[in-house]
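Hi,

Here is the structure I promised to hand over. Have a look first, and my notes follow below.

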Amino acid sequence: MPDALYDAIGAGYAHRRRADPRLAEQIVEALGDAQSILNVGAGAGSYEPPDRAVQAVEPSAAMIAQRPADAAPCTQASAEALPFAAGAFDAAMAVLTIHHWADWRAGLHEMRRVARRRVLLLTFDAEASDFWLTRDYFPEIMVLDRQIMPTLAALAETLGPFEATPVLVPHDCIDGFLGAFWRRPETYLDPVARQSMSSFTRFDASDGLQRLEADLRSGAWRARNADLLDREALDVGYRLVRWEIGEPATSAPALRTP
Ligand SMILES: C[S@@+](CC[C@H](N)C(=O)[O-])C[C@H]1O[C@@H](n2cnc3c(N)ncnc32)[C@H](O)[C@@H]1O
């Protein structure tokens with residue numbers, strides 16, 4: 001049940017992966033009127049709305065230890081076996097975690113079982129992404145993402161139709177996940193920043209890092225990505241996926257643009 005990866009790489013996570021207020025606003029809006037919320041794969045507590053009754057679930061002791069003293073109560077458990085009764089919460093949410101679960105389908109069914117009203121995921125749609133970082137420098141991450149990230153079609157097969165909303169990443173996003181630094185490319189050269197991006201822990205990145213460093217020095221990166229430099233926010237491939245429980249399943253997954 002402990003999460004070996006995050007027990008190993010989790011140190012310092014809470015400093016580098018802080019909730020970004022603009023993403024938090026979108027998550028709170030999607031939670032709607034839910035008053036009791038289960039946060040699965042909760043980590044150090046990012047995106048837990050402070051004005052709701054939140055219960056967190058997290059398998060990694062290293063992550064639980066980083067939860068602030070006033071954070072919501074946290075039970076050490078995994079998504080695949082949630083220790084709560086059916087319908088115990090208005091909503092269940094899971095933020096940037098489903099790709100780490102040993103059996104994401106089982107975890108989603110568990111979220112559905114314990115949620116009365118809605119299930120909310122912030123995830124990454126590898127099929128929708130065309131991010132310069134992975135396309136031009138780290139294709140290994142693209143290959144890995146396609147293996148571990150559930151497709152939107154697979155999510156719909158598992159829990160039925162949902163609404164998916166693109167989550168644009170602000171150029172100065174303070175949550176240091178993989179796509180956060182799309183307009184601050186130098187940050188990817190920083191080993192400390194990379195520590196909180198689990199993709200970089202899974203392969204030898206030295207070749208791509210050397211090429212990125214050279215392109216930043218020569219100006220080739222700026223020339224190739226000039227169209228990004230005055231953008232405020234970018235669709236890198238992150239999606240907020242929401243299932244409303246009890247609504248008739250009438251359509252295929254709907255993609256709503258913001
Ligand atoms: C990238 S972190 C995200 C943490 C938090 N949701 C956030 O947004 O900062 C991924 C989290 O998923 C957790 N995790 C890994 N396997 C899990 C599982 N089977 N069930 C629930 N959480 C899991 C890890 O321990 C880690 O805390």
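Before the rest, some housekeeping. This is a predicted model, where local features need pLDDT of at least 70 and side-chain atom pairs count only at pLDDT 80 or more, while totals for chains, interfaces and linings use all residues. Residues are numbered from 1 along each chain as its sequence is written.

Back to the strands (DSSP runs of E, at least two residues, numbered from the N terminus, as are helices, which are H or I runs of at least four). Seven bridges join β5 to strand β9 (residues 238-244), and the two run antiparallel; strands pair if DSSP finds at least two bridges between them. β4 and β5 run parallel and are joined by six bridges, with V95 partnered by L122 in β5. Getting from β4 to β5, the chain passes through α5 in a right-handed β-α-β crossover (clockwise from the first strand over the helix to the second, with the strands pointing away from the viewer).

Strand β5 (residues 115-124) is largely enclosed by the rest of the structure, because eight of its 10 residues are buried (20 or more other C-beta atoms within 10 Å of a residue's own, C-beta atoms being placed from the backbone).

Most residues other than glycine have a negative phi. Y47 is in the loop between β1 (36-40) and β2 (53-57), while L96 is in the one between β4 (89-95) and α5 (104-114).

Cheers

How values were computed:
Buried ≥ 20, exposed ≤ 12 C-beta atoms within 10 Å, placed from the backbone.
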